[in-house]
Amino acid sequence: MQLTVWTYEGPPHVGAMRIATGMKGLHYVLHAPQGDTYADLLFTMIERRKERPPVTYTTFQARDLGKDTAELFQTAARDAYDRFKPQAMIVGASCTAELIQDDPGGLAKAMDLPIPTIPLELPSYSKKENWGASETFYQLVRGIAGAHAPAPGTERAPRPDGQHPSANILGPTALGFRHRDDVTEITCLLDRLGVDINVVAPLDCTPQQLANLGNADFNVVLYPEIAHTAAGWLKRTFGQPMTKTVPIGYGATCAFVREVAELIGRDPDAMLEGEQSRLPWYSRSIDSTYLTGKRVFVFGDATHALAAAKVAETEMGFKVVGLGTYTREFARDIRAAAKDYGVEALITDDYLEVEQAIVDATPELVLGTQMERHIAKRLGIGCAVISAPVHVQDFPARYSPQMGFEGANVLFDTWVHPLVMGLEEHLLGMFRDDFEFSDANGPSHHGHAPRQAAPVANAETQPTRPLDETPAESPLVDSRTAWTAEAEKELKKIPFFVRGKARRNTETFAADHGLAQITLETLYDAKAHFGR
């Protein structure tokens with residue numbers, strides 16, 4: 001166990017809560033001490049849901065440990081059923097309550113409630129949030145849809161003539177990164193292929209609808225971290241094939257369309273020929289060619305990290321210089337992809353390791369989670385968020401999918417804009433000494449008074465650092481290295497999003513050659529040395 005100020009995933013009971021909150025008619029009774037109710041904020045504050053999660057906590061306190069906490073759990077479960085009248089209930093323990101070993105599953109079974117009650121065994125000290133969500137969804141599917149399973153060995157009946165093929169969309173949850181919009185986009189895509197939607201689960205699904213999962217012809221697995229285990233069980237039990245392509249990016253969406261068309265026996269070409277996604281042309285257009293070869297570092301959950309790396313390398317012309325995930329269950333897939341890009345995979349849930357990997361890779365763009373956004377901002381690197389965990393701004397009111405053809409357009413805009421804005425910042429920096437754009441002057445068209453410049457030390461003898469960083473925030477800079485004013489002025493002509501790399505290379509060159517001060521000549525010599 002490791003003490004940290006940031007975690008990419010919560011404990012597995014938070015994953016179970018994501019399933020329960022995403023569904024309707026399901027209630028979660030969580031054996032937990034007072035204080036473990038913090039998870040409510042994830043949904044009401046960050047995701048901005050109108051309703052609080054359908055979770056009842058036992059909220060035992062320290063003084064209750066000497067009493068019958070089992071009775072406390074049963075009372076809470078009985079009260080939850082009487083109050084909310086759910087179609088089904090899941091029961092489990094938080095990481096703290098797991099230590100007192102009250103067995104919520106056994107206690108709930110002994111109550112003999114008149115609804116399906118699914119016990120969850122979620123090992124809090126060896127597994128995490130995504131695994132907890134996957135296990136919860138699997139247990140719900142198996143417990144509810146399993147009651148309608150055919151006898152082993154039964155052949156699946158063919159679809160009646162004239163009936164549209166149907167599919168289940170599996171994987172979207174509460175607190176998922178753009179899951180709501182992804183479902184809308186993929187539903188429209190399947191509709192254009194003539195596929196009816198049988199059930200979307202777990203998002204906005206009821207336990208009664210889970211009982212109908214076996215009626216679909218195949219399953220669309222949007223998020224393997226959540227749905228792969230359940231989809232595998234449905235394949236074995238009901239003979240339903242499942243899709244393997246995650247439709248993130250233009251190429252993957254085309255591949256997804258072809259995969260679905262093959263499953264239903266239809267020709268995808270007519271639909272693909274009429275598709276008007278703008279990403280392929282934008283990525284080849286004149287105003288985007290300056291992005292070719294930009295170094296990009298990718299980190300997130302396995303689904304989004306794998307997809308983002310492929311889109312970055314094959315559709316936008318970037319160079320992947322780092323690839324990693326915090327989802328250890330999919331480490332093998334990440335390592336295989338990283339090998340194809342010629343980089344070493346980073347499998348970790350330690351944000352400090354991720355930060356150091358970013359520093360070492362010297363990217364010009366970071367695609368990651370909310371934490372990588374903070375890291376990139378601190379290092380002066382452009383960043384776009386591609387994966388949970390995310391903050392409130394990544395649950396937009398507007399339609400902003402990551403999947404499908406419209407999702408490909410969103411990816412282009414989201415990823416390219418940090419680099420475009422970088423060029424604008426660079427132009428402002430180049431003209432900083434111009435009377436119209438000088439930092440000492442206010443905006444002339446607003447009539448503001450000139451800004452008073454703070455006194456500075458003699459740049460000929462004092463170390464300098466990037467303007468947007470403080471010494472404590474600048475792991476890329478050796479503050480002991482002195483730069484002359486002339487060299488510092490020349491350095492400012494370099495675009496800010498690669499200035500840190502240029503500064504670090506120059507200081508490394510100076511240190512290797514025993515130079516105590518960096519002059520203009522040193523800067524040019526370092527450029528020639530590293531440009532070979």
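I began with P389, which sits in the loop between β12 (382-385) and α16 (404-430). This is a predicted model, so everything I note here is computed from it. What is the peptide bond from A388 to P389, cis or trans? I found it cis, with omega near 5 degrees.

I then turned to P202 and placed it in the loop between β6 (196-201) and α7 (207-210). A cis peptide bond joins A201 and P202 as well, and its omega is about 5 degrees. I flagged both bonds for a reason: most peptide bonds are trans, and most residues other than glycine have a negative phi.

R48 is not a glycine, yet its phi is positive, at about 60 degrees. I located R48 in the loop between α2 (40-46) and β2 (55-57). Is R48 buried, partly exposed or exposed? Its relative accessibility is 47%, so I logged R48 as partly exposed.

L175 went on the list too, with a positive phi near 65 degrees in a residue other than glycine. I found L175 in the loop between β5 (166-170) and α6 (179-192). L175 has a relative accessibility of 13%, and because buried means under 20%, I logged L175 as buried.

**The chain as a whole**

Next I stepped back for the overview. How many helices and strands are there in the protein chain? I counted 19 helices and 14 strands. Of the 532 residues in the chain, 54% are buried. I also looked at how far apart in sequence the contacting residues are. Among contacts with a separation of 6 or more, 71% are between residues 24 or more positions apart.

I picked T136, which is found in helix α5 (residues 129-145). T136 counts as buried because its relative accessibility is 0%. What does T136 touch, leaving aside its neighbours within four places in sequence? I noted A16, I19, I90, L120 and L122.

Two packed helices are described by the angle between their axes and the distance between the axes, so I looked up both. Helix α1 (residues 12-22) packs against α5 at an angle of about 50 degrees, with the axes 6 Å apart. That angle makes α1 oblique to α5. The crossing of α1 past α5 is right-handed. On the α1 side, the contact is made by P12, V14, G15, A16, R18 and I19. On the α5 side, I wrote down E129, N130, G132, A133, T136, F137 and L140. By type, the residues of this contact of α1 with α5 come out as seven nonpolar, four polar and two charged.

**The α14/α15 pair**

Helix α14 (residues 351-361) and helix α15 (residues 370-379) have axes that come within 10 Å and cross at roughly 45 degrees. That makes α14 oblique to α15. The crossing of α14 past α15 is right-handed. In α14 I listed Y351, V354, E355, I358 and V359, which meet M371, E372, I375, R378 and L379 in α15. The residues of the contact of α14 with α15 divide into seven nonpolar, three charged and no polar.

**T325 in its strand**

I moved on to T325, which lies in strand β9 (residues 319-325). T325 is buried, since its relative accessible area is 0%. How far apart are T325 and I347 in space, C-alpha to C-alpha? I got 5.3 Å, although the two are 22 residues apart in sequence. Leaving aside neighbours within four places in sequence, T325 is in contact with F299, G300, D301, A302, I334, L346, I347 and T348.

**Cysteines**

Last, the cysteines. A disulfide is a covalent bond between the sulfur atoms of two cysteines. How many disulfides are there, taking a pair of cysteine sulfur atoms within 2.5 Å as the rule? The count comes to zero. I still checked the exposure of two cysteines. C188 counts as partly exposed because its relative accessibility is 42%, whereas C205, at 0%, counts as buried.

Note on methods
Residues are numbered from 1 along each chain as its sequence is written. This is a predicted model: local features need pLDDT of at least 70, side-chain atom pairs count only at pLDDT 80 or more; totals for chains, interfaces and linings use all residues. Side-chain values use heavy atoms; hydrogens and water are left out. A disulfide is a pair of cysteine sulfur atoms within 2.5 Å. Buried means under 20% relative accessible area, exposed over 50%, partly exposed in between (1.4 Å probe, protein chains only). Axes are lines fitted to C-alpha atoms, for helices over the stretch in contact, and angles run from 0 to 180 degrees between N-to-C directions. Helices (H or I, at least four residues) and strands (E, at least two) are DSSP runs, numbered from the N terminus. Angles under 35 degrees count as roughly parallel, over 145 as roughly antiparallel, 65 to 115 as roughly perpendicular and the rest as oblique. A crossing is left-handed if the near helix is turned anticlockwise from the far one by less than a right angle, and right-handed if clockwise. Contact means heavy atoms within 4.5 Å. Ala, Val, Leu, Ile, Met, Phe, Trp, Tyr, Cys and Pro count as nonpolar, Asp, Glu, Lys and Arg as charged, and the others, Gly among them, as polar.
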